[in-house]
Amino acid sequence: MNTLSSPDHAEHLRRDRLERLLKRLPARGEQAMRWLLQPEKVVLRGIMGGLLIVGGVFSFLPVLGLWMLPLGIILLAEDVPFLRRLSARMLEWIETRHPAWLAPAPAAGQAKGDLTAHRAADAAPRSPRSGH
């Protein structure tokens, strides 16, 4: 039987979504995240992940932002099993609510209007039934 078991399948989906999200980052951000996600960077990943989560908690301060919280969770999830489930749910939410964030990056020669259309779709109001 070639099907993945449920935990293996969930981890595969998490990895796939993370990979697509990393490809959408600016080149330097993608390079930094890939460097931090290397297995031998466990201590640095823990420190950076913890600092990013603390920064996300204090997002009301001018320099810090809420964007730091999911990034910290993604970094710590590489080494903390219960955070893997949280990061998997977070990446699934992104895929459901903001599919353009995980879509392939636009080609270098693509018209700017096409990217604007993706942003407009993300910003479109949600139906009242969805609760968001």
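This is a predicted model: local features need pLDDT of at least 70, side-chain atom pairs count only at pLDDT 80 or more; totals for chains, interfaces and linings use all residues.

**Entry 1: H3 against H4**

I looked up how H3 and H4 cross. Their crossing is left-handed. The axes come within 7 Å and cross at roughly 155 degrees. Angles over 145 degrees count as roughly antiparallel. H3 and H4 are therefore roughly antiparallel to each other.

Next I listed who makes the contact. From H3 I find Arg45, Gly46, Met48, Gly49, Gly50, Leu52, Ile53, Gly55 and Gly56. From H4 I find Met68, Leu69, Leu71, Gly72, Ile73, Leu75 and Leu76. Sorted by class, this contact has 9 nonpolar, 6 polar and 1 charged residues.

Is H4 mostly covered or mostly open? I find H4, residues 68-77, mostly covered, with 7 of its 10 residues buried. The buried ones are Met68, Gly72, Ile73, Ile74, Leu75, Leu76 and Ala77.

What covers them? The cover includes helix H1 (6-24), helix H2 (27-36), helix H3 (42-57) and helix H5 (81-97).

I then picked out Ile74. Leaving aside its neighbours within four places in sequence, Ile74 is in contact with Leu18, Leu21, Met33, Met90 and Leu91.

**Entry 2: the largest nonpolar core**

In soluble globular proteins, nonpolar side chains tend to be buried together. I looked for such a grouping here. The largest nonpolar core has 15 residues. Which members touch the most others? They are Leu18, Met33, Leu37, Ile74, Leu75 and Leu91. H1, H2, H4 and H5 are the elements that give two or more residues to this core. The largest share, 4 residues, comes from H4.

I see Ile74 again on this page: Ile74 is among the core members that touch the most others, and its contacts include Leu18, Met33 and Leu91.

**Entry 3: H1 against H2**

Last I turned to H1 and H2. They pack at an angle of about 140 degrees, with their axes 7 Å apart. H1 and H2 are therefore oblique to each other. Glu19, Leu22 and Lys23 in H1 meet Glu30, Met33 and Arg34 in H2. By class I get 2 nonpolar, no polar and 4 charged residues in this contact. Met33 of H2 is in this contact and also in contact with Ile74.

How values were computed. Residues are numbered from 1 along each chain as its sequence is written. Side-chain values use heavy atoms; hydrogens and water are left out. Buried means under 20% relative accessible area, exposed over 50%, partly exposed in between (1.4 Å probe, protein chains only). Contact means heavy atoms within 4.5 Å. Axes are lines fitted to C-alpha atoms, for helices over the stretch in contact, and angles run from 0 to 180 degrees between N-to-C directions. Angles under 35 degrees count as roughly parallel, over 145 as roughly antiparallel, 65 to 115 as roughly perpendicular and the rest as oblique. A crossing is left-handed if the near helix is turned anticlockwise from the far one by less than a right angle, and right-handed if clockwise. Ala, Val, Leu, Ile, Met, Phe, Trp, Tyr, Cys and Pro count as nonpolar, Asp, Glu, Lys and Arg as charged, and the others, Gly among them, as polar. A nonpolar core is a set of buried Ala, Val, Leu, Ile, Met, Phe, Trp, Tyr and Cys residues joined through side-chain atoms within 4.5 Å.
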